[in-house]
Amino acid sequence: MKKKISLALILSLFILVAVWIFFSPARVLTEAQLNGELERVSPETVQAIVQPYIGESFWRVDLEKLHADLLHLEWVYKATVKRRWPNKVIITLEEQKPVARWSEDGLLNQSGDIFYPHDIAPFKDWVALEGNPLQSRQILHDLVTFQDAFKPLDWTIDALKQQPDGSWNIHFISGVTVLLDNEDWQAKLSRFTRALPKTKQALRKFAQVFDLRYSNGFVIKQKTRPEE
């Protein structure tokens with residue numbers, strides 16, 4: 001009986017010591033490992049975020065706050081932070097991948113979410129989208145739809161704006177603009193792309209705006225002709 005008690009006591013003490021060693025508040029965070037394919041977020045920037053946490057108790061490091069601090073970096077889209085025994089945190093970052101401009105000072109990422117980096121000058125020639133910010137994902141989807149619709153004309157969109165009433169102002173790199181409402185717009189676009197090549201060259205040459213907001217056709221508004 002005494003032998004059994006002694007073995008149980010030894011086993012309990014061993015477990016207590018192991019637990020104390022594993023969860024000891026004396027164990028501190030000394031290292032951070034950074035993962036992810038990064039182009040715009042530098043390791044030095046991440047290190048500056050992590051540095052205040054180095055030296056804290058391994059088990060008491062506030063991972064939620066560290067996670068929030070990392071998400072405040074303008075080019076970070078997603079972040080995960082995990083502890084790794086005995087003294088390390090593993091940080092995995094996913095960068096924002098811009099696909100279009102948003103209005104004057106924003107960008108849209110790969111998911112259609114808006115973000116506002118400090119400098120968007122490198123993206124000034126990208127297609128610009130504008131509309132209700134809550135509809136940014138749908139507007140990005142609509143851009144792809146409209147661009148496919150204008151492929152038969154070999155027209156490339158450089159700006160797309162959705163008005164508050166849901167109508168569209170579509171601008172192309174050629175300088176022309178298409179006005180389109182949201183009522184049966186697929187049929188109107190299809191009719192336009194089929195009919196335009198048959199329109200007289202004289203009308204198309206100086207066209208500035210094509211207004212498709214009609215149920216039975218479209219209107220061509222011409223720019224002022226240069227003096228001969």
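Which residue takes a positive phi in the hairpin of strand 9 and strand 10? I looked, and Gly-175 does, near 105°, with four residues between the strands.

**Ground rules.** I'm working from a predicted model, where local features need pLDDT of at least 70, side-chain atom pairs count only at pLDDT 80 or more, and totals for chains, interfaces and linings use all residues. Numbering starts from 1 along each chain as its sequence is written, and side-chain values use heavy atoms, with hydrogens and water left out.

**Confidence.** I checked pLDDT (the predictor's confidence in each residue, from 0 to 100). Its mean is 89, and 87% of residues reach 70 or more. Residues 16-22 fall below 50, with five contacts beyond near neighbours in sequence (contact means heavy atoms within 4.5 Å). Where pLDDT is low, predicted coordinates should not be read in detail.

**Around strand 9.** Strands are DSSP runs of E, at least two residues, numbered from the N terminus, and two of them pair if DSSP finds at least two bridges between them. Strand 9 (residues 168-172) runs antiparallel to strand 8 (residues 157-162), joined by five bridges. I found Gln-162 bridged to Trp-168. In the turn of that hairpin, Gly-166 has a positive phi of about 95°. On the other pairing, strand 10 (residues 177-180) meets strand 9 antiparallel over four bridges, and Ile-170 stands opposite Val-178.

I then looked up an open sheet with the order 1-3-2 and mixed pairing. Strand 1 (31-35) and strand 2 (76-84) each have a single partner strand, so one side of each lacks a neighbour in the sheet. Strand 1 pairs with strand 3 (residues 88-95) in the parallel sense over five bridges, and Leu-34 sits opposite Ile-91.
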